[in-house]
Amino acid sequence: MEDKRTEQIEALQTLAEYNQKVLKNIPILVRELKGERLDDTDKFLTAIVNAINWEVEVLNATLDVINEKEEKVSKEKVNDKILALSEALKSQNENAQAEAFEQMVPELEVIEKAINEVIA
């Protein structure tokens with residue numbers, strides 16, 4: 001049991017670093033989706049989506065540690081934002097995608113705060 005918790009804490013430490021990078025890159029992606037497209041915007045979009053997917057996987061594996069004493073991260077709220085992002089991506093409407101990424105930021109910030117409380 002203690003080994004699993006140690007692994008989860010290590011995963012959260014990695015997630016904390018990774019999440020900061022994602023949070024830094026989302027505004028750049030949003031700007032590109034709203035009209036300042038670059039040659040690599042599609043690759044950047046894919047990289048950010050893959051990063052968020054990875055974060056969700058780690059979050060799912062560590063949520064019991066994050067929410068051990070109280071609910072700090074709502075799985076339902078995160079899922080709602082992920083579903084909205086998924087729908088926006090399917091629509092191929094770049095303004096909708098930009099909006100969905102912007103709506104994702106507060107949840108990622110909640111996750112970051114919760115992780116930092118756990119690993120502190």
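How many helices and how many strands does the chain have? The chain contains 4 helices and 0 strands, and its elements follow the order α-α-α-α from the N terminus on. The radius of gyration is 15 Å, close to the 14 Å that the globule rule gives for 120 residues, so the chain is as compact as a globular protein of that length. The model described here is predicted.

**Overall dimensions and surface**

- Along the principal axes, the C-alpha atoms of the chain fill a box of roughly 50 × 25 × 20 Å.
- The accessible surface of the chain amounts to about 7400 Å², and carbon and sulfur atoms account for 48% of that surface.
- Buried residues make up 38% of the 120 residues of the chain.

**Contacts along the sequence**

- Of the contacts in the chain between residues at least 6 apart in sequence, 73% connect residues at least 24 apart.

**Packing of H2 against H4**

- Helix H2 spans residues 41-66 and helix H4 spans residues 94-119.
- These two helices pack at an angle of about 35°, and their axes lie 12 Å apart.
- The crossing in which H2 passes H4 is left-handed.
- On the H2 side, the contact is formed by Leu45, Ile48, Val49, Ile52, Glu55, Leu59, Val65 and Ile66.
- On the H4 side, the residues met by H2 are Gln97, Phe101, Met104, Leu108, Ile111, Ala114, Ile115 and Val118.
- By residue class, the contact of H2 with H4 comprises 14 nonpolar residues, 1 polar residue and 1 charged residue.

Note on methods
Residues numbered from 1 in each chain as written. Predicted model: local features only at pLDDT ≥ 70, side-chain atom pairs only at ≥ 80, totals over all residues. Heavy atoms only, no water. Axes fitted to C-alpha atoms, helices over the stretch in contact; angles between N-to-C directions. Left-handed = near helix turned anticlockwise from the far one by under 90°. Contact = heavy atoms within 4.5 Å. Nonpolar A, V, L, I, M, F, W, Y, C, P; charged D, E, K, R; others polar. Rg over C-alpha atoms; globule rule 2.2 N^0.38 Å. Buried < 20%, exposed > 50% of the residue type's maximum accessible area, 1.4 Å probe, protein only. Areas by Shrake-Rupley, 256 points an atom, 1.4 Å probe, with all protein chains shown as cover.
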